[in-house]
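The following exercises ask the reader to examine a structure step by step. Please study the sequence and the structure before turning to the solutions.

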Amino acid sequence: MGRLQTEVSELETRIEKDTARLLRENRNHVFAVRLAQRAQQEIDRVKEQVENRGVRFDCKKGCTICCRLEVQVLPQEAFRIARVLRDRPDREFLVAALAEHVEAHRGVTETHKRNFCPFLVDAACSIYESRPMACRKMVSLDVERCKQMGESVPSDPEMAFKSEAIIKATRKAYARQKLPNQTHEMIASVLLALTDLSAEERWWDGEDVFANDAPPPA
Ligand code: SF4
């Protein structure tokens, strides 16, 4: 087994074990949602480590190419974003914008027909601190190639494999606690989490609350 494979495997084991233990020791939905941040920070840490070995990513503030792609989130990530947005003074306006985006994208699968993510404001992510793992792992080695590739970005292998391992381990840990762990489209999921205040507790009780509302993955 090569060095990278060993590291990926060890990372996956560690994250699954730690996450499952924390969920076991803190049995409530508020904690389970807050814990989303830990996995997201693990992805940020991998990015730092990759940069420390000399890799230069080409992403810069103001580049918005990948904010047109469909984003899949874990339930706890959707609830985390909704918790951040719930107290915003422009909440009603935001709910309307999310609903409009969901309606406009029913059945749309081609990236060039998609609008930008409604969280993109003035060419920057307005939920940067709580953006999901799918956005964090999307770091490009060559923006010029992003412009041509459409659905994927040219990625560093360590960044790609370790990010996937973190997501997989997180899903397994939540599944071990009998929590629905399927990913769903982000905007429809956040919209539901914002407008249905019973959703978080129903998820905690084992219901895949986003299954019916979110459009299927493209
Ligand atoms: S959540 Fe932020 S980073 Fe992710 S697609 Fe939307 S604007 Fe872009």
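**Exercise 1.** Which residues does A78 touch, not counting residues up to four places away in sequence?

*Solution.* The model is predicted: local features need pLDDT of at least 70, side-chain atom pairs count only at pLDDT 80 or more, and totals for chains, interfaces and linings use all residues. Residues are numbered from 1 along each chain as its sequence is written. Two residues are in contact if their C-beta atoms, placed from the backbone, lie within 7 Å. On this basis, A78 touches V73, M186, S189, V190, A193 and F210, leaving aside residues up to four places away in sequence.

**Exercise 2.** State whether D122 is buried or exposed, and describe its phi.

*Solution.* A residue is buried if 20 or more other C-beta atoms, placed from the backbone, lie within 10 Å of its own, exposed if 12 or fewer, and partly exposed in between. D122 has 6 other C-beta atoms within 10 Å, and is therefore exposed. Its phi is near 50°, a positive value in a residue other than glycine.

**Exercise 3.** Which residues surround the ligand?

*Solution.* With C-beta atoms, placed from the backbone, within 6 Å of the ligand as the criterion, the surrounding residues are C67, V71, C117, F119, L120, C125, I127, R131 and C135.
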